[in-house]
Amino acid sequence: MSERESRRRRLYVYIGLAVFALLVVAPFFLRGYWVRVLTNMFMFAILAESVNIIAGYCGYLALGNMLFFGMGSYIVAVLMVKLGLPFFPAFIAAGLGSCVFSVLVGLPILRLKSQYFLTGTVGLMKLLEEIVRNITFTGGGQGLTLPIFPGGPQAANIFFYFCMFGLMMAVVGATLFISKSHLGYAFLSIKSDEQAASVMGINPTPYKTIAWAISALFTGMTGGLYAYWMSYIDPVEAFQIAPSIKMYLMMTLGGSATVIGPVLGAFFVEFISELVWGRFLEIHFLILGLILVLVVIFAPKGLIGFVGKRFKLSDYLKGIRQNRV
Amino acid sequence: MSNARAILKGVGVTKLFGGLRAVEDVDFQVEEGEVFGLIGPNGAGKTTLLNLISGIYPLSRGEISFCDHRLNGLKAHQIAHLGIGRAFQIVRAFEGLSVMENVLVGHLFGSPKSRNVRKGLSEVEKVLAFVKLEAKKKFRTSETTIGDKKRMELARALAMHPKLLLLDEVMAGLNHREIDELMDVIRAINHMGITIVMIEHVMKAVMGVCKRIMVLHHGRRIALGTPMEIANNQDVIKSYLGERFSQLNLK
């Protein structure tokens, strides 16, 4: 049993390394279009994984998590355009700024539970959007145009590809660390029963705050990278609700509270989306919705639930029985 | 008995929910090393009293102290760190974690200095073996029987290395064989030097394990004494045990 388990684990490691190697060499062989598609997939993987840390592990449904994305992109834009800073310091500042902001607002707002917290985060996002829209320092409703990456479109593709890829590896690494350490157990206990968790000696406040701060750090950095990549940012683009929902779709689809699930979900959704979108612009959300419904019915644990299991119809029927209304 | 130290002490403990007096002016002292029973009819305020001790509710009036620490105003996790472990009446397993991981949570966070997961797991194995649950350690909590869940609750509280263990109806829903087994486990825990406060409706367990028993009725203390004294107390018989019990017991 344990030998089979360790053999299987070794197989996963090999698959992981192979995928890693493939992704490292891929941008040198693919067309620019596909490099950008992959970069986009990485971006959503980071966002989904960040949501996974606060929502999947800790159970706090931060639907407005994109507020850190907007914040990070504006920090980079303002620092580069108004203060003339180079990208990397601005990028670090985007992460740290979002992280600090999440702690400041998290201490009061993380006292809210379930749907109230969810609404609170969305409110906060809209608040930031209005602030950004109404002060001239951030370019108001017109947005800001960032300096274009020097060295031509080919080099830019490669640069942003590897930045996103590196950031994705970092967030997956962070999640892996969390899942193996006492943090992960604290988060999952809080998600399951916050009161019982506190009777077991877990002080919920710092743990919730840490979870959101890690989530904000990566989301903010992604936003910063995105702003530089697009070289233009405006309030509507930076603070969108639709990507927030997409992040939850990806997380649930791949498997929430797992390390690799949200990444798989992001790849899957973005890939399908890319295929379907080109052909059926009008109904592509319909198809995504249908896929989500099917996954929730047949595999409530997400795509990751399929990994390493033999197909048994009864398992899936059980899924239906347990999850029907 | 008189030279034993009081580990947990309540003076005038009162909890009001609006106009409802859930617990009113209850005084008690739990001595170090004893098994202290808490009985009474449904709604008497037993679980509320445990909630006050473990810091889930703030006190309305009165004072509770544990090992010379005033518990008033402390948060639940601070009280847990002082050394009070708790098993809930309605099992509150952490869903999504295995039996072993549930117990691990108790170990990791019960005392402030044990945050190492790998070391914790070997410690948890011992606790699971102690409550005879090691065969099911990898099970999801949703896949186990009610008896297993109760043991898991007990193991999780025990893994916190408590000085005082609060048990809320750990016997409820178990069959006779399981009750006997669990009574042995509770006695063994007590032999390790852990003081126990237990709420229980299974009279066999209360009478067999407890050294002293407190009876609550409508939030007030109506009796406190040894099992024999309680079984013969007219107030207790009238409000809780019933005539038949005293006749059976006096034989």
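Author: A residue is buried if 20 or more other C-beta atoms, placed from the backbone, lie within 10 Å of its own; it is exposed at 12 or fewer and partly exposed in between. By that count, 45% of the 251 residues in chain B are buried.

The model is predicted: local features need pLDDT of at least 70, side-chain atom pairs count only at pLDDT 80 or more, and totals for chains, interfaces and linings use all residues. Residues are numbered from 1 along each chain as its sequence is written, while chains are lettered from A and ligands numbered from 1 in the order in which they are written.

Start with the whole of chain B. It holds 10 helices and 10 strands (DSSP runs numbered from the N terminus: helices are H or I with at least four residues, strands are E with at least two). The radius of gyration of chain B, over C-alpha atoms, is 18 Å. The globule rule (2.2 Å times the number of residues to the power 0.38) gives 18 Å for 251 residues, so chain B is as compact as a globular protein of that length. Its C-alpha trace spans about 55 × 40 × 40 Å along the principal axes. Take the contacts in chain B with a separation of 6 or more (C-beta atoms placed from the backbone, within 7 Å). Of these, 66% join residues 24 or more positions apart.

Now the four-stranded sheet. It is open, antiparallel, and ordered 2-1-4-5 in chain B. Strand 2 (20-31) and strand 5 (69-70) of chain B stand at its edges. Each has a single partner strand, so one side of each lacks a neighbour in the sheet. Pairing here needs at least two DSSP bridges between two strands. Strand 4 (residues 61-66) and strand 5 of chain B have two bridges, in the antiparallel sense. Across this pair, B:F66 stands opposite B:H69. Helix 1 (residues 46-53) of chain B packs on the sheet. This helix touches strand 1 (6-17), strand 2 and strand 4 of chain B. Its direction makes about 65 degrees with that of strand 2 of chain B (axes are lines fitted to C-alpha atoms, for helices over the stretch in contact, with angles from 0 to 180 degrees between N-to-C directions).

Look at the loop between strand 4 and strand 5 of chain B. B:D68 is found there. This residue is not a glycine, yet its phi is positive, about 70 degrees. Most residues other than glycine have a negative phi. B:D68 is exposed, with 9 other C-beta atoms within 10 Å.

Next, the six-stranded sheet. It is also open, but the pairing is mixed, with the order 6-7-8-3-9-10 in chain B. Strand 6 (84-87) and strand 10 (220-225) of chain B are the edge strands, each pairing on one side only. From one strand to the next, the twist averages 15 degrees. Strand 9 (residues 212-217) and strand 10 of chain B pair antiparallel over five bridges. In that pair, B:H217 has B:R220 as its bridge partner. Helix 9 (residues 234-241) of chain B lies across strand 3 (35-39), strand 9 and strand 10. It runs at about 120 degrees to strand 10 of chain B.

Finally, the neighbouring chain. In chain A, 18 residues are in contact with 25 residues of chain B. Helix 7 (182-192) and helix 8 (194-199) of chain A each supply at least two residues of the side that touches chain B. The largest share of that side, six residues, comes from helix 7 of chain A.

Conventions
Two residues are in contact if their C-beta atoms, placed from the backbone, lie within 7 Å.
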